[in-house]
Amino acid sequence: MSSRLRALLSCIAAAFTAASGTAASAAPLNVAVLENAPPMAYRDESGQLTGFSVEIARAVCAEMAAECTFRTMMLGHVIDALAGGEIDIAAASLLDTPERRQRILFARPYFRSVTLWFARPGVQPGAPGVRVAAVKGSAQEAYARRQGWTTIAVPTNGELGAPLIGGIAQAALIPMNTSIALLKNPEFVRLGLDSTVMKAAELIGAASFGISPRRPELKEAVDSALERIERNGIYERINSRFLPFRVR
Amino acid sequence: MSQTPPPPMTAHRIFVMLAAGFMVLLGGITALLAIDQHRAMVSAEQLQAQTVPEIIRLQRLARNLDHLRHEGERIFSATTPDARQQALYLVMLVASHPGIQEHAEAAEVARATEAFLTEAVRRSGGEAGVDGSRLNEWKLISGRLGLLVDDISVQSAHLAANDLAQISETLRVARIKLAAALLLVIAFLAGTIHQLSRHLIRPLERIDHALSSLDVNGPPPEFPPTQLPEIHAVENAVRRLHAAQVNNEAVRRELEELANRDGLTGLLNRRHFMASAEAELKRAERYGRPVVVALADLDFFKSLNDTHGHAAGDRVLQAFAQLMRDSVRSTDLIGRYGGEEFAFLFPESGVEQASALVERFRHRFATEPVHLDNGVAVRVTVSIGLADASGRPLEVALHAADQALYAAKRGGRNRVMVAGSEE
């Protein structure tokens, strides 16, 4: 091989390396997911993160052809982390409330939810002396505080049953999907709790991923990816895998 | 107050109007097709943006209603109160889900299902199974759920069918419009070609024919009435060309006459006589016909001029020429040969016949006085030499006639001499 040809080839190789280097240097997206929130986000037997929200987030990343770095986070930190740009996307079911809307961007809703009041028979919402369990930083917790109820905040959805089982709380505000997982816990079932769907508008409706206001360009890409996975059937498969009925 | 007449329909105006008409027609067709295309695109976009998501939503609704039925069946088949409670809980969740609540009929059926199943579970209490007597009622509710699932499934399928029907209807109408537009264009072009042929091409063909067959001896070209002023102008030009040609021909003939005739006597001049005689001799030789030439010279013409003046000489020459013209046949040639000398050619004549003719002629001239302008009458005689020109060159024949003339002069003048007989 002549030295001139070798030089040319090395130039081409360098150009390719530079080009692929540029593509790789596009920073991966920081995606926060909740932990211990079955069936939305949890670790399977092998310790891998999975769940409805996690798998939807994976599908969205694949659809966007973006590299995503997943990290777990408590719901109570999610809004601050988004607002501060610590994370780009929060792949958690965030109900759209005015307080949140002031601080973060919402992606296109990926399912619709209701909130349930779980309590011993006869214990009505707002009854005096009733302590209500809710996840810290959740719309349910904010609602209960606004109502002036005494709240017991737990860090994860998976721990919502504990205050009731332990007798610390007499009631809990539980998101629809979390309640399905809790009802598989015999200890929880044994409490013989009554459940009622909450009528408050801010506790019913669309749940969305949160997007950092510092990455507004991500919203269109995430929305479009969500729309595509709804059309191409990926969404339905994930729905069937984690939830007993259609939640969109 | 005179009213302005409408501008004439010129070819230029017609072409501008045709082009404008065609552009309007084409523009209109293009606009129509663009509208149809836009409509089809809007329908297709609606199918993509609205109908497909709506179909997916209805399918999810149908699945959830089916799930209600499934959980109901589970309540009836469950053997433990806990299993029934679990199933009932899912019934409640599905029935209260916004996806079902936003559909009025589904919400109503779901509420009824939830109420019935809640009541059935409540009555069963801690029993192993639900009261079998409620099974029939459940079958009715379950059937109602099933029918609603069917209706919603069919409805979702129809959504796409409606959009597709709209698109295909738009395309069908567009096809009809396209066909109609094509017919319109063909009709327009056919009409244009017909009008062009009628008002432009055929008149041009007539003009071409008239030009190629223009004849100065024929009548002026005739054209049928035409509407286009341009064509009319060309036709008038063709008529003017014909008139000019006729005029030129007349002038040419006049000039030819002037060139070939002697100005004083009106007879052929020497040059033209020689050319005509040459041609006549050739013709006679070709057909073996007899021909005779003669030369005549006025006697004592110089003394006439000296006595009475040149005007008198001219008058005598004119009188002589007039007499000759009156006496000869139209086929005979007479020319002024020079001064007071004249030349003749008698086709189809033998020497005797011609000799008799010129003899009569000599005699008549000698006996009829010429009246001069001053009232004096003079008598002038003529000597004539005659020669047979059959089969001889003109110069030879004329030389022979000249010899005969010389002999006539010598013999005393006022006589006719035939070449070969003068000795």
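Helix α3 of chain A is followed by G85(A), a residue with a positive phi near 80 degrees. The helix itself spans residues 75–83 of chain A, and within it L75(A), V78(A), A81(A) and L82(A) are buried. Viewed down the axis of α3(A), these buried residues fall within an arc of 100 degrees, and they therefore line one face of the helix. The cover over that face includes four strands of chain A, namely β1, β5 (89–95), β9 (131–135) and β13 (205–211). All of this is read from a predicted model.

Five of its seven residues are buried, so β13(A) is largely enclosed by the rest of the structure. Its pairing with β5(A) is antiparallel and is made through four bridges; in this pairing I89(A) stands opposite I211(A) of β13(A). Strand β6 of chain A, residues 105–106, is also joined to β13(A), by two bridges and again in the antiparallel sense. There F106(A) faces G210(A) of β13(A). A further antiparallel pairing links β13(A) to strand β7 of chain A, residues 111–113, through three bridges. In that case F111(A) has A207(A) of β13(A) as its bridge partner.

Of the 248 residues of chain A, 42% count as buried. Among contacts in chain A with a separation of 6 or more, 72% are between residues 24 or more positions apart. The pLDDT of chain A averages 90, and 90% of the residues score at least 70. Residues 16–25 of chain A, however, have a pLDDT below 50, and this stretch makes zero contacts in the model beyond near neighbours in sequence. Local geometry also calls for attention at P38(A) and P39(A), which are joined by a cis peptide bond with omega at about 0 degrees.

Attention now passes to the meeting of the two chains. Here 15 residues of chain A are in contact with 16 residues of chain B. On the side of chain A that touches chain B, the elements giving two or more residues are β12 (194–197) and α9 (217–232) of chain A. The residues on this side of chain A divide into eight nonpolar, two polar and five charged.

Within chain B, an open sheet of five strands has the order β2-β3-β1-β6-β7, with mixed pairing. Its edge strands are β2 (333–338) and β7 (416–418) of chain B, each of which pairs on one side only. From one strand to the next, the twist averages 20 degrees. At one end of the order, β6(B), residues 382–388, pairs with β7(B) in the parallel sense over three bridges. In the two strands, G385(B) stands opposite M417(B) of β7(B).

Two helices pack on this sheet. Helix α7 of chain B, residues 270–287, touches β1 (291–298), β2 and β3 (341–347) of chain B, and its direction makes about 135 degrees with that of β2(B). Helix α11 of chain B, residues 394–410, touches β1, β6 and β7 of chain B; the direction of α11(B) makes about 145 degrees with that of β6(B).

F300(B) is found in the loop between β1 and α8 (301–308) of chain B, and has a positive phi of about 55 degrees although it is not a glycine. Because F300(B) has 14 C-beta neighbours inside 10 Å, it counts as partly exposed; a buried residue would need 20 or more. R413(B) lies in the loop between α11 and β7 of chain B. Its phi is near 70 degrees, a positive value in a residue other than glycine. R413(B) is likewise partly exposed, since 14 other C-beta atoms lie within 10 Å.

Technical notes. Residues are numbered from 1 along each chain as its sequence is written. Chains are lettered from A and ligands numbered from 1 in the order in which they are written. This is a predicted model: local features need pLDDT of at least 70, side-chain atom pairs count only at pLDDT 80 or more; totals for chains, interfaces and linings use all residues. Two strands pair if DSSP finds at least two bridges between them. Axes are lines fitted to C-alpha atoms, for helices over the stretch in contact, and angles run from 0 to 180 degrees between N-to-C directions. Two residues are in contact if their C-beta atoms, placed from the backbone, lie within 7 Å. Ala, Val, Leu, Ile, Met, Phe, Trp, Tyr, Cys and Pro count as nonpolar, Asp, Glu, Lys and Arg as charged, and the others, Gly among them, as polar. A residue is buried if 20 or more other C-beta atoms lie within 10 Å of its own, exposed if 12 or fewer, and partly exposed in between; C-beta atoms are placed from the backbone. The arc is that of the directions from the helix axis to the C-beta atoms. pLDDT is the predictor's confidence in each residue, from 0 to 100.
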